[in-house]
Amino acid sequence: MMLDKKSVDLLLRLGDDQLVAIIKKLASDAGVNVSGINPSKEQIAGIRQALSLATDEDLKRAADLLQSFKNTQSNK
């Protein structure tokens with residue numbers, strides 16, 4: 001799933017629990033082990049700030065990094 005600025009803006013309208021659930025799902029789908037990860041309110045606020053400042057180019061780079069990680073994990 002490729003996120004763009006419009007998608008991120010929609011995500012930022014979600015409650016904290018919903019936002020964290022979607023982030024965990026995207027990370028898990030990319031092969032990242034998210035078990036035991038429960039961000040604090042301050043961390044969620046930081047995530048929201050980072051997402052609100054992200055450009056489409058930043059989001060593309062993040063997607064590329066996740067895909068690279070997924071490819072690396074599948075080769076193990």
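This is a predicted model: local features need pLDDT of at least 70, side-chain atom pairs count only at pLDDT 80 or more; totals for chains, interfaces and linings use all residues.
Visitor: What makes the pair Asp29 and Lys25 a salt bridge?

Guide: The closest N and O atoms of Asp29 and Lys25 are 2.8 Å apart, and a salt bridge is defined as a side-chain nitrogen of Lys or Arg within 4 Å of a carboxyl oxygen of Asp or Glu, so the pair qualifies. Residues are numbered from 1 along each chain as its sequence is written, and side-chain values use heavy atoms, with hydrogens and water left out.

Visitor: Why is Arg48 called buried?

Guide: Arg48 has a relative accessible area of 19%, and is therefore counted as buried. Leaving aside neighbours within four places in sequence, Arg48 is in contact (heavy atoms within 4.5 Å) with Leu11, Leu12, Leu14, Gly15, Asp16 and Leu19.

Visitor: What makes the meeting of Arg48 and Asp16 a link between distant parts of the chain?

Guide: The two side chains form a salt bridge at 3.0 Å, N to O. Arg48 is in helix H3 and Asp16 in helix H2, 32 residues apart; helices here are DSSP runs of H or I with at least four residues, whereas strands are runs of E with at least two, numbered from the N terminus. Asp16, at 22%, is partly exposed.

Visitor: How do you know that the buried residues of H3 line one face?

Guide: The buried residues are Ile44, Arg48 and Leu51. Seen down the axis of H3, they fall within an arc of 70° (taken from the directions from the helix axis to the C-beta atoms), so they line one face of the helix. They pack against helix H1 and helix H2, while the face turned away carries the exposed residues Glu42, Gln49 and Leu53.

Visitor: How do you know whether the span of H3 agrees or disagrees with expectation?

Guide: The expected span is 1.5 Å times one less than the number of residues; the 13 residues of H3 should therefore span 18 Å, and its end C-alpha atoms are 18 Å apart, which agrees.

How values were computed
Buried means under 20% relative accessible area, exposed over 50%, partly exposed in between (1.4 Å probe, protein chains only).
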